[in-house]
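Have a look at the model first, then read on.

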Amino acid sequence: MENIIWIQNYQSPCGELILGSLDGKLCLCDWMDENRRALIDRRLQKVLHARYETGESEVIVRAVTQLDEYFAGKRTEFDVPLLFAGTDFQKTVWNALLNIPYGKTVSYATLSQDLDKLKAIRAVAAANGANSISILVPCHRVIGSNQKLVGYAGGLPAKQWLLDLETSGRLF
């Protein structure tokens, strides 16, 4: 039997996202206008034995509300249930991303060191890049060791926008 991933688009202030949920968990919050879209979609559908169908779900409504609050500077953490679709290594990296505090950044080297995978910086960076739940799983908070912005699925302007939002002190 094939599962259904309910999807809908979300217009953020820094680009259009596609949200997806399966079985009461968010499995997708990813950028629409990027060239890896097909790769992410194929992986999710294969790993979750699912197909996309446009529609709404309780978890998508909750995610939209929390994203709206985040972009309004009124939310620093998300509590939407998540469903990771990837390898065990990727899931380990994605879970580590959840520990990066709002308004803070870490380098790929630091993230690798925190995971006790210092010699696997490229693999950690690749897993970070394969994250299909942007913003809620804050891969935008990972930067180069030289403090420069590098690689982001939504593009470097979106990454800068998100980091500026988180460091602007606009909360509440």
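The face of α5 that points away from its buried side carries Arg 122 and Ala 126, both exposed (over 50% relative accessible area; buried is under 20%, partly exposed in between, with a 1.4 Å probe and protein chains only). This is a predicted model, with local features needing pLDDT of at least 70, side-chain atom pairs counting only at pLDDT 80 or more, and totals for chains, interfaces and linings using all residues. Residues are numbered from 1 along each chain as its sequence is written, and side-chain values use heavy atoms, leaving out hydrogens and water.

**The buried side of α5**
- Helix α5 covers residues 121-129, and its buried residues are Val 124, Ala 127 and Asn 128.
- They sit on the same side of α5, because they cover an arc of only 105 degrees around the axis (taken from the directions from the helix axis to the C-beta atoms).
- These buried residues pack against α3 (88-97), α4 (108-114) and β6 (142-143), where contact means heavy atoms within 4.5 Å.

**Where α3 meets α5**
- The two helices, α3 and α5, pack at about 75 degrees, with axes 9 Å apart; axes are lines fitted to C-alpha atoms over the stretch in contact, and angles run from 0 to 180 degrees between N-to-C directions.
- That makes α3 roughly perpendicular to α5 (65 to 115 degrees).
- On the α3 side, the contact uses Phe 89, Gln 90, Val 93, Trp 94 and Leu 97, while α5 brings Ala 123, Val 124, Ala 127 and Asn 128.

Notes. Helices (H or I, at least four residues) and strands (E, at least two) are DSSP runs, numbered from the N terminus. Angles under 35 degrees count as roughly parallel, over 145 as roughly antiparallel, 65 to 115 as roughly perpendicular and the rest as oblique.
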